[in-house]
Each structure stands twice: as C-alpha cells, then as structure tokens.
Amino acid sequence: AGTVLVVEDDEQVRQLAVDSLRRAGCRVLEAFDGPDGLKVARHHPGAIDVLVTDVSMPGFGGRRLAQHLTDERQGMAVLYMSGYMEDSVVLRGIVESGIEFLPKPFVVSDLLARVGALLSSREPPPL
C-alpha cells in the first residue's frame, strides 16, 4: 500500500475514488481542485506515491498540478482522469511517454488496478 493524492472537483467521483482506495489499503489524501491539491501535497510530510487527478478543474487542472508536484516529488506517478474525450486526445498528444489515463465514468476495479500497477512499479524490489 502506498500514499495516493486524489484531486477531483466532482465530490461524488472524489468520494468514490477515496473510499475505494482506502478500502484497498492505501493512505489517501484528497483535494477538490488544483490549488487545493498543491496545498494538501505541500503540507503532507511523507511521500506521495501516486497522484490521481482530473484533467479539467476550476482553478487549474491536473496537467498543471502534476507538473508542479512531479518537480517537487521525484518518482511520483500520475494517473489522469477525464470524462471529456478532448482531454484524452490532448493527453495522448503529449510527447512524454508513460501517460496514464482513466476515462470517466470509471469502474472501481479499473481504478484500483491502475493505481495498484503504478504503486507496484514504484516499490523497490524485495531483497
């Protein structure tokens, strides 16, 4: 289990993600938009293994939030979510490889599988 920051402006979607990840054994931090996500992350003393963020939010969106946080927290994985097809097209157009994207609405098992895969790719191998 790792620490996951969920940043989503839709309260129902955020609560579903937070509750599901907690039941799966993750430590979960939550925020309602980009500026709040930045504040929550900066006040959290420990590691944040995965950022799960909506692409389009008031304040600023997930791309900008991820850019800030991945600069500050080396090795943090990012899973983008969006219900807008345009966002997925924009993300696929990003030159960076390894962009993780989960379309909304999502099935909880898909969210848990994606976050689990990101966490396991971050954990050091056993000795």
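**Lys104 and its surroundings**

Modeller: Let's start with a polar contact: the side chain of Lys104 pairs with the side chain of Glu8 at 2.8 Å. A polar contact here is a pair of N or O atoms within 3.5 Å; within protein, one must be able to donate a hydrogen and the other to accept it, and residues adjacent in sequence count only if both atoms are side-chain atoms. Bear in mind that this is a predicted model, where local features need pLDDT of at least 70, side-chain atom pairs count only at pLDDT 80 or more, and totals for chains, interfaces and linings use all residues. Residues are numbered from 1 along each chain as its sequence is written, and side-chain values use heavy atoms, with hydrogens and water left out.

Biologist: Is Lys104 buried or exposed?

Modeller: Buried means under 20% relative accessible area, exposed over 50%, partly exposed in between (1.4 Å probe, protein chains only). Lys104 has 18% relative accessibility, so Lys104 counts as buried.

Biologist: Where does Lys104 lie?

Modeller: Helices (H or I, at least four residues) and strands (E, at least two) are DSSP runs, numbered from the N terminus. Strand 5 covers 100-103 and helix 5 covers 108-122. Lys104 sits in the loop between strand 5 and helix 5.

Biologist: And which pattern does the chain follow along the sequence?

Modeller: There are five helices and five strands in the chain. Read along the sequence, they give β-α-β-α-β-α-β-α-β-α.
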